[in-house]
Amino acid sequence: MSVRLQIEATRGSARAGKLITPHGEVETPVFMPVGTLASVKGVSQDVLEELGVQILLANTYHLYLRPGIETVRQMGGLHRFMSWDRAILTDSGGFQVFSLTDLRKVSEEGVAFRSHLDGSPHFLSPEKAMEVQIGLGADIIMALDECTEHPADGQRVRASMELTLRWAARCKGYFEAHKYEVAWAESGELRSVGRTNASAPTRASATQALFGIVQGGMDPGLRRESAARTIDIGFPGYAIGGLSVGEPREITREIVLSTLEHLPSNQPRYLMGVGTPEEIAEYAQAGVDMMDCVLPTRAARHGLLFTSEGKVSIKQARYAQDENALDPACDCRVCQRYSRAYLRHLYASNELLAQVLNTVHNLHYYLATMRIVRAWIRAGHALTPAGTRL
RNA sequence: GCACAGGUGGGUGAGUGGUUAAAGCCAACAGACUGUAAAUCUGUCCCUCUCAGGAGGUACGGAGGUUCGAAUCCUCCCCUGUGCA
């Protein structure tokens, strides 16, 4: 069978459990750091393991362009290539439809991209997105969707949603026909790279899972319809996409909360691209099982650190001679060892170590936040307002 | 001592008569960042007022001068670099 969610505790609409994947169990609700290019910028895999990262994101579009799917296949798949034995989820390239708006053209068939690297033309169809993701071999792969821009008028949002639905069906069709082509098994050996699915499913091939994505813009009605029709197509897990695209945060909340009500209660629910520590804590408590966001890693590289006392912009002059730990309440290796003054110095001096340490801290903070939420769900005592911010 | 070349805002460095409070870059200071074209981007960056559109003052080594007008031209002085004695 496929990736599945084993719910072990609930509290209100929140749930805690385990996501079963070919590369181990993932405790949910989970935050998934983003490693677009098969690398979480600034942090090595051994440190990610030490931090307790259970599942990473990587990106279809970026890895397809470089190093290219054939290289990853030859290297035994994404897990072996990047030396990561835990779970991986690949995004389909749908977000690039949104973010590379000047470099792509969307049609019924798919998306024509001009590479942001060298300008070369490429075409990503739902089928191609599946082929590439099957080749990469992530545990969870995503349907190609159109991440609708905001603002957009009602007609546009509906058309975009309908396109995503048609693409979802095509993705599922291709995936079902080709999912046994996963090129390697747990052992890392190449398996069954042929075009037919005649070979017996390996453990890995049997368990790679394709998730569908709900769109519908900022319209709860369209979100509901998108959810229902995506569920009709049928996936082992469902994502809420198309949020955090510039809309006010209250609207994000409204759409997340209303959409969650229309998703199956016994399957993984993945909120894509969200959010701040406060947001991930809130949405996990509202029943989201999986979230990813570039915020902790990007903000870290830009000197913005999340702490139990709120945001700290470590570049500020006020920290120049501050001998305190970045976050006195934090038990990460950065806060255990270095002063704010030193972290500011590293940042101001453009030292690579600044990016590394800042990223380690922010990821730790996000992961710690989710550990607290999981404990809260399981233990059944109320989180204090301050607790949600730890 | 002589001969060249220079001295510009925190640094560097454009500018050689007006549209120059003086480009660009750096530093400094602040802000943004949410399925990563992001070690990125934006703003401020002489002083004082401001009804926020601006107003006034000071400023291109120093002192004079030419001119309606000078960082820009002239004179002298000071200083720096290089070369020759």
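How many helices and strands does chain A have? In this predicted model, chain A contains 15 helices and 16 strands. The 390 residues of the chain would give a radius of gyration near 21 Å if they formed a compact globule, and the value for chain A, 21 Å, agrees with this. The C-alpha trace spans about 65 × 45 × 45 Å along its principal axes. Of the 390 residues, 49% are buried. Among contacts in chain A with a separation of 6 or more, 66% are between residues 24 or more positions apart.

One open sheet consists of three strands in the order β1-β2-β3, paired in the antiparallel sense. Strands β1 (4-11) and β3 (24-28) are at the edges and have a single partner strand each, so one side of each lacks a neighbour in the sheet. On average, neighbouring strands of this sheet are turned by 15° against each other, direction ignored. The antiparallel pairing of β1 with β2 (residues 14-21) extends over seven bridges. Within it, R4 lies opposite I20 of β2. Helix α15 (residues 352-379) packs on the sheet and touches β1, β2 and β3. The direction of α15 makes about 115° with that of β2.

RNA strand B is surrounded by 47 residues, of which H116, C147, S244, G273 and G275 are the closest. Two or more residues of the surface near RNA strand B come from each of β5 (55-59), α5 (94-99), β14 (290-293) and α12 (295-301). By residue class, this surface comprises 18 nonpolar, 18 polar and eleven charged residues.

Notes: Residues are numbered from 1 along each chain as its sequence is written. Chains are lettered from A and ligands numbered from 1 in the order in which they are written. This is a predicted model: local features need pLDDT of at least 70, side-chain atom pairs count only at pLDDT 80 or more; totals for chains, interfaces and linings use all residues. Two strands pair if DSSP finds at least two bridges between them. Helices (H or I, at least four residues) and strands (E, at least two) are DSSP runs, numbered from the N terminus. Axes are lines fitted to C-alpha atoms, for helices over the stretch in contact, and angles run from 0 to 180 degrees between N-to-C directions. Two residues are in contact if their C-beta atoms, placed from the backbone, lie within 7 Å. A residue is near a molecule or strand if its C-beta atom, placed from the backbone, lies within 6 Å of it. Ala, Val, Leu, Ile, Met, Phe, Trp, Tyr, Cys and Pro count as nonpolar, Asp, Glu, Lys and Arg as charged, and the others, Gly among them, as polar. The radius of gyration is taken over C-alpha atoms; the globule rule is 2.2 Å times the number of residues to the power 0.38. A residue is buried if 20 or more other C-beta atoms lie within 10 Å of its own, exposed if 12 or fewer, and partly exposed in between; C-beta atoms are placed from the backbone.
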